[in-house]
Number of protein chains: 4
Amino acid sequence: MPSKIDTQIDSLGNATIKSTLGLNDDEGLQNTFVKDSDRVILDVDLNSITKKIKSGKTPLSFELAGPREELYFDSSKLKCGIVTCGGLCPGLNDVIRSIVFELHYRYDVKNIYGIKHGLEGFIPEYGHDLVELTPSKVENILNMGGSIIGSSRGEQEISEIIDSLERMNIRLLFMIGGDGTLTAASHLTEEIKKRGINIGIIGIPKTIDNDINLISKSFGFDTSVEIATDAIKGGHIEAKGYRNGIGIIKLMGRYSGFIAANAALGEQNVNFVLIPEVDFDFDGKNGLLGKLEKRLEKRSHAVIVVAEGAGQKYFDNKKRYDKSGNILLDDIGTRLQQEIKKYFKRKKIQISIKYIDPSYMIRSVPANTNDHIYCSFLGRDAVHAGMAGKTGMIIGYYNDKFVHIPLKAIAGKRKQVNPSGKLWHSVLESTGQGSLQNI
Amino acid sequence: MPSKIDTQIDSLGNATIKSTLGLNDDEGLQNTFVKDSDRVILDVDLNSITKKIKSGKTPLSFELAGPREELYFDSSKLKCGIVTCGGLCPGLNDVIRSIVFELHYRYDVKNIYGIKHGLEGFIPEYGHDLVELTPSKVENILNMGGSIIGSSRGEQEISEIIDSLERMNIRLLFMIGGDGTLTAASHLTEEIKKRGINIGIIGIPKTIDNDINLISKSFGFDTSVEIATDAIKGGHIEAKGYRNGIGIIKLMGRYSGFIAANAALGEQNVNFVLIPEVDFDFDGKNGLLGKLEKRLEKRSHAVIVVAEGAGQKYFDNKKRYDKSGNILLDDIGTRLQQEIKKYFKRKKIQISIKYIDPSYMIRSVPANTNDHIYCSFLGRDAVHAGMAGKTGMIIGYYNDKFVHIPLKAIAGKRKQVNPSGKLWHSVLESTGQGSLQNI
Amino acid sequence: MPSKIDTQIDSLGNATIKSTLGLNDDEGLQNTFVKDSDRVILDVDLNSITKKIKSGKTPLSFELAGPREELYFDSSKLKCGIVTCGGLCPGLNDVIRSIVFELHYRYDVKNIYGIKHGLEGFIPEYGHDLVELTPSKVENILNMGGSIIGSSRGEQEISEIIDSLERMNIRLLFMIGGDGTLTAASHLTEEIKKRGINIGIIGIPKTIDNDINLISKSFGFDTSVEIATDAIKGGHIEAKGYRNGIGIIKLMGRYSGFIAANAALGEQNVNFVLIPEVDFDFDGKNGLLGKLEKRLEKRSHAVIVVAEGAGQKYFDNKKRYDKSGNILLDDIGTRLQQEIKKYFKRKKIQISIKYIDPSYMIRSVPANTNDHIYCSFLGRDAVHAGMAGKTGMIIGYYNDKFVHIPLKAIAGKRKQVNPSGKLWHSVLESTGQGSLQNI
Amino acid sequence: MPSKIDTQIDSLGNATIKSTLGLNDDEGLQNTFVKDSDRVILDVDLNSITKKIKSGKTPLSFELAGPREELYFDSSKLKCGIVTCGGLCPGLNDVIRSIVFELHYRYDVKNIYGIKHGLEGFIPEYGHDLVELTPSKVENILNMGGSIIGSSRGEQEISEIIDSLERMNIRLLFMIGGDGTLTAASHLTEEIKKRGINIGIIGIPKTIDNDINLISKSFGFDTSVEIATDAIKGGHIEAKGYRNGIGIIKLMGRYSGFIAANAALGEQNVNFVLIPEVDFDFDGKNGLLGKLEKRLEKRSHAVIVVAEGAGQKYFDNKKRYDKSGNILLDDIGTRLQQEIKKYFKRKKIQISIKYIDPSYMIRSVPANTNDHIYCSFLGRDAVHAGMAGKTGMIIGYYNDKFVHIPLKAIAGKRKQVNPSGKLWHSVLESTGQGSLQNI
């Protein structure tokens with residue numbers, strides 16, 4: 001549990017406008033405002049929390065999300081922007097729709113615009129127009145994958161973005177994106193402060209890998225795991241279909257193996273899961289190849305799930321980066337196939353490898369129901385926060401609660417699968433793979 | 001937050017057998033035992049928890065679930081039973097499979113039996129045989145709905161059940177069921193103690209309505225909401241298809257409207273949600289019928305989701321009970337149709353009602369991926385608890401953690417939708433229905 | 001095989017305008033025109049066809065559908081209408097989209113309008129506006145159930161419809177509907193001829209029951225059978241879940257049991273199928289109830305699929321009609337439950353009935369892929385026929401070919417399951433139900 | 001329409017045993033036997049069929065499939081085998097189940113065995129045991145993909161297979177497989193005849209590519225197209241998500257582009273379809289690359305569906321073969337990506353390619369409902385034919401009828417998409433791609 005984390009939410013200034021939410025009695029919505037002093041603790045261990053409080057320390061906590069009684073923005077004059085960045089992820093359209101509906105119907109904000117194709121949309125040379133977002137335009141987008149306003153990878157000049165925001169007169173910007181985008185959001189917030197202008201920046205963390213620090217689940221993750229299990233099912237059937245059949249399913253997960261681990265538990269026919277957090281050897285007594293051979297001897301087929309970021313030690317470490325600043329990983333899927341083929345060729349054992357990479361079939365699907373609901377909350381709480389003048393923050397979720405987390409608190413940290421925690425333990429039980437390391 | 005709740009877990013006696021889990025180094029499973037002193041607090045509000053602890057009180061908490069280092073049962077001599085009771089619910093087979101796999105592979109327990117058709121299976125006159133449960137028998141049941149060992153509604157004599165358990169020599173019984181079953185489990189535990197015999201009773205709460213006290217989500221709920229949204233989608237399409245089309249979808253929810261509320265958020269095309277927790281009037285200024293008429297005037301179609309337990313004030317209160325002791329509810333679905341038809345006939349407005357009751361199409365589906373994963377944890381933790389000699393408890397889940405909750409702590413209380421909480425608030429925002437009460 | 005069927009297609013007049021389809025060489029579409037003399041025979045039995053031809057008779061055949069080289073309408077001046085009538089059916093939006101795309105992109109017709117809510121849309125008092133249909137408007141409707149232009153049941157005055165068509169200046173009308181609609185289409189054609197005006201009427205037969213004479217498969221049928229099997233799956237799981245569990249699934253099929261028969265073959269866990277074409281008795285040696293009892297004795301659960309039009313002999317024959325002129329059937333689903341309950345109560349055998357009526361959950365789904373493809377052909381061929389000046393006809397399908405069938409050839413006849421044919425034979429084999437009649 | 005095709009079905013000898021099917025009156029199955037003289041004509045064109053018959057020729061026709069009144073085999077003494085060969089295909093388990101159920105329940109044959117892993121299962125050195133196939137073993141396999149008896153690619157020695165059949169005492173063998181398998185079946189039949197032994201060989205054609213001569217649809221094809229459209233949907237969403245996004249979906253189709261063509265019609269968002277039957281150029285006025293550039297200029301995204309056998313002219317023609325004797329095709333998917341990247345790099349246009357290869361996720365799924373039903377008929381008719389002593393034939397399907405087709409009639413011919421036929425025409429209309437050839 002980290003302790004030196006900045007937990008205070010920044011604000012654009014005094015929120016002095018009375019919210020009209022819940023004033024109308026026959027809407028049945030009264031008395032539901034949340035105060036900034038309502039805070040949710042992170043650590044739920046009785047012993048540690050008791051000890052901390054008794055010793056006079058304050059446990060780590062964040063503001064509870066929800067509607068505020070005092071607003072910063074005057075809805076009749078406000079123009080809002082929404083931008084989606086990076087790789088596609090189930091639920092993008094859900095978040096967009098939720099923000100638009102909440103702004104339009106609950107806060108009476110009628111000027112809402114989508115920035116086309118991610119941060120590119122701020123840069124004049126690309127020539128992207130703004131997209132007007134109205135309830136009727138977004139009403140039926142829940143069952144479409146992708147983002148109706150498009151996306152792009154890669155950074156853009158911070159000052160150019162702010163110039164654009166000023167030119168466009170956008171005073172409240174919702175940024176839906178991952179690591180790179182939230183870092184950009186952080187820089188934007190700082191630069192805005194420096195310029196002394198009042199533009200609110202609210203982030204909604206998007207990471208199909210579920211690797212955002214402090215957050216128990218990011219949107220689209222549940223959907224991704226579900227589709228990933230279909231790919232595993234396919235790999236399993238193909239593997240069983242042939243003598244010494246080996247199904248390899250490569251899943252997303254650059255630094256964190258959450259999709260691989262959860263999908264393996266969701267399908268249950270997996271024999272080996274390889275993730276970035278847990279080292280493995282190809283050779284040696286405990287190595288993958290020997291254990292794979294034993295598995296084939298016993299059952300004549302095997303299923304391997306590999307996260308894209310696993311086994312990076314097997315590649316030279318000249319790091320290359322893509323436009324979003326992500327390290328370009330060497331392809332463990334290809335390497336794995338090569339090693340397996342070589343090994344069994346040497347052993348003169350006929351095998352049949354079936355390789356499945358479902359990546360874009362996962363990223364592009366619409367959200368499932370669970371994510372529909374989750375995204376609708378994210379969007380609403382993002383609007384509540386933005387209207388109250390909060391900035392430099394994201395909407396987070398843990399302990400069954402939605403909270404406000406400062407961008408600074410999550411930047412540069414990454415959530416990972418704990419190799420001695422319950423999730424990985426369960427994967428080991430379910431696969432029976434044991435340690436794949438020679439120590 | 002309730003304060004006088006019994007949080008201590010009962011045990012059959014001293015757990016003195018060393019667990020062999022994690023002893024084998026090359027399994028990579030070492031050092032993951034959980035201690036009984038690891039406890040998870042329920043309340044995560046910073047202010048209230050700080051105040052409580054500073055004033056010397058102990059906040060409500062429950063034992064963390066997970067493998068224990070000391071076991072009570074000797075696996076070579078242990079015979080276990082599993083029973084599923086009440087209405088079908090997605091995930092029953094997942095829990096069964098997870099228990100069997102964990103007992104067999106991790107604890108080396110080879111005698112595992114399914115009790116056929118719920119509590120009936122204990123009563124000799126029904127003539128049900130025990131079903132031997134082996135890994136190969138349960139390996140492929142994840143994609144089947146229902147329960148492979150069957151179920152039944154209704155109580156059976158507590159003493160007869162214990163007689164049977166003794167006759168069968170079952171020393172550890174996993175009971176998967178709802179309210180009635182967990183009450184029976186509680187009585188069984190007491191009677192077992194009275195008789196001075198050592199039989200462990202571990203409950204896994206099953207309630208498609210998600211209404212178990214203290215537990216944030218029960219298994220099968222996520223799947224149910226997903227399928228329920230399909231029914232709503234159908235109702236919406238049918239309603240839109242005709243002039244003044246009205247789609248009515250009746251969903252489960254005897255006392256708690258969680259499925260109705262969540263499904264309405266998951267589909268977003270619902271105009272009215274009626275749940276047991278929130279009263280509504282048919283007539284009058286704020287009444288449903290008038291608002292429905294206004295909706296039809298404006299949009300020419302409407303979608304109503306009604307939980308089966310809504311509007312019970314409209315029925316006389318001679319209570320009748322089914323075999324499981326559930327109150328037999330009068331049929332609000334039928335009543336709703338009658339009132340609507342009467343109203344619009346009087347108003348001489350042609351309408352077209354399409355009524356959908358998807359109940360059994362929801363209850364009978366296999367679990368979705370989210371529930372697959374959730375159930376696999378439930379089953380594993382139930383086995384960990386049972387092998388450690390714990391009894392009279394269920395496996396619960398809140399604040400992202402699995403815990404041990406005494407049967408006494410949940411009996412007789414019910415979780416309900418909070419009419420002034422975030423969930424219902426969101427439903428009101430999404431539907432725009434407002435208050436349907438004349439006050 | 002009927003012999004006195006009118007097979008000649010009516011036409012509005014000489015088709016003298018050269019089609020531009022396929023003129024552009026680099027479209028790769030040249031040389032694909034179909035001639036009216038291309039005809040498809042219905043009977044494919046070698047012996048009968050040989051005998052008929054040798055004896056100088058002409059076997060029954062219909063014009064092959066497809067693009068014609070000469071057109072009747074001048075696309076620049078043409079205004080087209082589309083109307084969808086009766087109950088919803090998967091694929092309506094597909095047909096609409098296909099017609100719009102073909103007219104717009106291939107024939108350059110830019111004035112295409114949807115008539116709102118079926119035949120109602122022609123009647124001024126209902127106040128429905130025309131809906132302009134453009135490619136962008138219909139581009140994304142494939143994944144929506146229902147009809148974007150709405151529907152209605154019931155007849156309207158033929159002369160009023162024609163008055164409307166004249167007022168609206170619609171010269172080519174595509175009518176998508178069932179029995180009643182096609183009868184109306186036939187009357188429209190006659191009246192149009194009487195009035196000496198030139199309005200083309202092209203029907204696309206819509207019947208979820210698949211009961212249109214001469215046509216091997218109507219659109220939406222494949223999708224319906226697929227969803228129906230989900231309902232059967234649910235009924236089977238529920239039945240197996242309880243001692244003497246009986247799952248009853250009521251499916252569509254007023255006069256023809258095609259959905260029930262096919263769904264039973266698609267799911268394979270059905271024990272009794274009841275359809276309108278095959279009589280059954282409740283009581284007696286061969287009766288359903290006795291056989292059901294035997295089934296329960298042997299397997300302890302049973303699944304019954306009943307088409308809505310089955311067993312009508314059990315109701316008095318005062319016929320009542322709905323607005324579309326369909327006979328209002330008495331509810332065999334309810335009757336079946338009553339008879340079963342009464343029987344087993346008398347026999348003092350406890351049973352557990354689960355009743356599923358998935359009707360609106362079937363009608364409202366989007367088409368599956370097979371129907372997507374099928375509907376896209378129907379729409380295209382309807383446009384080809386209409387542009388060539390054909391009228392009073394529908395697009396039909398048999399022997400793997402799309403054809404033109406005169407409205408007169410199908411009116412008043414109905415396709416039914418042949419009790420001694422291959423389909424019903426297979427149902428009998430799959431269920432093992434045998435004859436349910438005492439003769 | 002081919003004319004010199006052998007249409008006579010071989011038989012093992014006189015069928016002299018009276019079938020007991022349909023003897024039992026209360027089964028309602030009487031009078032449904034099919035005679036060998038019932039034949040189904042292939043050509044349904046009125047003009048050509050009339051001309052042919054009038055000129056004294058006999059049109060091409062095949063025996064109608066179905067139960068025969070006289071059987072060759074004595075069920076009490078018969079042992080049957082089933083083998084599945086080649087790549088997985090949705091519906092394999094359906095056919096297996098249908099054969100087993102029909103043999104067991106209708107013909108009272110109790111000795112049915114699965115040959116493990118295709119033709120390998122006949123060769124002792126692989127050490128595969130026979131798998132006993134009983135109704136209870138195959139009852140629940142409909143919802144599993146793959147084949148429960150496994151498969152393998154590659155030929156085996158014909159004489160060794162027959163030795164095995166004799167050793168195993170299998171007198172009736174059902175062979176489910178593609179091109180290679182049916183060729184093997186043909187050789188087996190000849191060799192069996194030479195040896196003067198009486199072993200029946202019934203083929204059920206399996207080809208996911210739908211390329212078997214004379215047959216309108218092979219099993220699993222409908223399912224494959226359905227899943228393929230999901231992949232296209234993903235490619236479309238990904239393409240739309242980015243500026244100049246290009247989605248490439250590689251589908252099965254070595255020599256015939258049926259899956260690609262149908263999936264493009266089933267999803268409708270495809271801009272280019274490349275199939276083996278229709279040549280295309282990369283460069284030049286009509287070439288793919290220039291047209292792709294124009295598409296991107298206009299709409300900023302594009303979707304390309306490519307069948308694996310398309311564009312083989314771009315590879316040198318040293319042919320290599322896999323173990324089943326299939327030509328090893330060079331990878332057009334990779335080549336396509338390279339050409340596109342090169343072209344746009346030269347043009348200095350930034351693009352974003354997303355490549356999807358769903359092959360194994362298609363092959364491994366269970367059959368959809370349509371294929372469930374279709375396979376159940378195939379299996380039943382295969383048994384009817386086999387029991388009647390027919391051999392050297394397959395069960396085929398055209399003109400809505402199941403027929404017996406001699407192995408010789410289909411060997412060495414392949415069904416392909418007709419470049420000037422209705423299917424390809426519709427693809428051209430739907431994509432608007434035009435000719436991609438410079439001529």
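How are α11(A) and α7(B) oriented to each other? In this predicted model, the axes of α11(A) and helix α7 (residues 258-267) of chain B come within 8 Å and cross at roughly 85°, and because angles of 65 to 115 degrees count as roughly perpendicular, α11(A) and α7(B) are roughly perpendicular to each other.

**The crossing of α11(A) with α7(B)**

- On the side of α11(A), the contact is made by Thr369(A), His372(A), Ile373(A) and Ser376(A), while α7(B) contributes Asn262(B), Leu265(B) and Gly266(B).
- When the residues of this contact of α11(A) with α7(B) are sorted by class, 2 are nonpolar and 5 are polar, and no charged residue is found among them.

**The crossing of α7(A) with α11(B)**

- Helix α7 (residues 258-267) of chain A and helix α11 (residues 369-387) of chain B have axes that come within 8 Å and cross at roughly 85°, which makes α7(A) roughly perpendicular to α11(B).
- Here Asn262(A), Leu265(A) and Gly266(A) of α7(A) meet Thr369(B), His372(B), Ile373(B) and Ser376(B) of α11(B), and the residues of this contact comprise 2 nonpolar, 5 polar and no charged.

**The interface from the side of chain A**

**The relation between the two copies**

- Chain A is superposed on chain B by a rotation of 180° with 0.0 Å of shift along its axis, at an RMSD of 0.0 Å, and the two copies are thus related as by a two-fold rotation axis.
- Among the residues of chain A, Asn399(A) comes closest to the rotation axis, its C-alpha lying at 2.0 Å.
- The copies meet through the same surface, because 100% of the interface residues of chain A are also interface residues in chain B.

How values were computed. Residues numbered from 1 in each chain as written. Chains lettered and ligands numbered in written order. Predicted model: local features only at pLDDT ≥ 70, side-chain atom pairs only at ≥ 80, totals over all residues. Axes fitted to C-alpha atoms, helices over the stretch in contact; angles between N-to-C directions. Helix = DSSP H or I, 4+ residues; strand = E, 2+ residues; numbered from the N terminus. Parallel < 35°, antiparallel > 145°, perpendicular 65-115°, else oblique. Contact = placed C-beta atoms within 7 Å. Nonpolar A, V, L, I, M, F, W, Y, C, P; charged D, E, K, R; others polar. Least-squares fit on C-alpha atoms with pLDDT ≥ 70 in both.
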